[in-house]
Each structure stands twice: as structure tokens, then as C-alpha cells.
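User: I would like to go through this structure with you. Could we begin with how its parts meet?
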Amino acid sequence: MIVNEIRAKTILSKSQIYDYALNAYVGCLHNCLYCYAKFMKRFTGHREPWGAFVDAKVNAPELLAAEVARKRKGRVWISGVCDAYQRIEENYRLTRSCLEILVDHGWPVTVQTKSPLVLRDIDILKRAADVEVGFTITTADEKVRRIFEPGAPPITKRVEALATLHAAGISTFVMIAPFLPHADGLVEMLAGKVDHVLIDKYNYHYADWAYRKHGMQDALTGEFFARAGDDLQRAFKRAAVACRKLY
Ligand code: SF4
């Protein structure tokens, strides 16, 4: 793993999903095969494979403190790309410092991660006026997870973290995207632990080779997304979990 400490020029960027996105890291050790963020290599000049490097914006909290003082208040997505709670956050604590600044200034925050490390910051999350924490969970099958998300935490750890957050009164959601094979088991795993679930197909084709290698190419077809998506949505509704399909 190669870690570079860098100094950024700004930290709150405009987002098409929320008002702002905040990314304290460039690069992501979760190394998902389907990762759409690999395009960032082009802009940062990295020659290492995706998943092997992270740039840590060590001045992120300093920049954020200045930006919240002068920018219009809005919802901040932590993070749009490059998991804010990937393992180097244990040492750098950039996400924690930024979260604390946003919460202390009353800015609404949406955290989205694959990592239970977010539980470390539950003290800040509990005192936030407007915060939600989402986990991306793409399948209920750990074998499938290991193929597509080799560096990311196991599914059970994410579900346990959601249960802890939900029990602490924090709003929680799950994003099933990309919608991978064998996601149906998520209904039972998530009922009672999330406020809502979103499903998206979200395929940028980086991982099509892995579907073929492991005999899962049926899950790339429009027919799969239509049928399995509808089935999953109905199953969540039967379990009294609000669920929306985004395609
Ligand atoms: S967690 Fe997100 S940013 Fe990180 S490798 Fe996976 S898809 Fe890419």
C-alpha cells in the first residue's frame, strides 16, 4: 500500500447527489472490481493499480473550517468516492475531524461507507442535528462479496454496524448498488436495522470479466435487473422496509 500525504486546495466540492461532497482521500483500499472511481487515476498521475494507493489530504480539516465559514450551508456527502472510513482513516482521522466540524456548525451530513470504522465516531453522530449513515451492501453472499470487493469489510460487519447505529437512534440506510447476484438474503439481514433501502444497477462494466469468469453473466442482463429488482423490492416491502429502485 502506498500512502501519500498531500495538501488540497479545496475540500467541499459541488455534488449532483447532495449539495456538496467531501473526499478526504483519493484512492480506495477496498479495491472493488466494479469501482467507478478509477477514473481519478487519470487526474492524479498515479501509475499504481487502483486499490494499491491512497492520497490523504492532510489539510482537509483546516480547509473545511474555512469553507464552512464562507460557503452556503448545505448537505455534505461523506464521501462521494473513495471510502471515508477505509482503513487508513484509523490513523489519519481526517474524516472524524471533518465530521466534527460539520456537526458543530449544524451542517446536515450523509455518510456513506462500507466500513464499520464509522462506529468509532458514533459519539459525534449521536449529537448531530441532521445526519444519516448509509452502508453500501451489494449482495448477501460473502463469496460474491469477496470476488467483487476483495479489500472491503465482510457483509456481517456492515450489518452489525447498521444495527448499532440504528439502535443508537441514528437514521440508517443501505444502498444496494451495483446490484450483484444473491442480494435477496439482505431482506432478512436488514429488517429492523435500516430506515430505507435503495437499489440501483449501477454497472460501469469494469467488472464484466469477473461475472463471466465466475459464471454469473446472467446477472448482467436487463432481464435480471428487471425481475430480480422487482422481486427484491417486493420482499423488502413485505418485511416493512421502505425500498426504492432507482432504475
Ligand atoms: S468502496 Fe467505492 S470508491 Fe472504494 S473501491 Fe469500492 S467502489 Fe471504489
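User: How many residues of domain 1 are in contact with domain 2, and with how many residues there?
Analyst: In this predicted model, 22 residues of domain 1 are in contact with 24 residues of domain 2; two residues are in contact if their C-beta atoms, placed from the backbone, lie within 7 Å. Local features need pLDDT of at least 70 and side-chain atom pairs count only at pLDDT 80 or more, while totals for chains, interfaces and linings use all residues. Residues are numbered from 1 along each chain as its sequence is written.

User: Which elements supply the domain 1 side?
Analyst: α5 (122–126) and β8 (131–136) each supply at least two residues of the side that touches domain 2. Helices (H or I, at least four residues) and strands (E, at least two) are DSSP runs, numbered from the N terminus.

User: Where are the domain bounds?
Analyst: Domain 1 covers 1–133 and domain 2 covers 137–247; the bounds come from an automatic or database domain assignment. Their centres, taken over C-alpha atoms, are separated by 23 Å.

User: Which strand does β8 join, and in what sense?
Analyst: β8 runs parallel to β9 (residues 171–176), with five bridges between them. Strands pair if DSSP finds at least two bridges between them. Gly134 stands opposite Phe173 in β9.

User: And what is the bridge partner of Phe173 in β10?
Analyst: That partner is His196. β9 and β10 (residues 196–199) pair in the parallel sense over four bridges.

User: Changing topic, which residues surround the ligand?
Analyst: Among them are Cys28, Cys32, Cys35, Cys82, His30 and Asp83; a residue is near a molecule or strand if its C-beta atom, placed from the backbone, lies within 6 Å of it.
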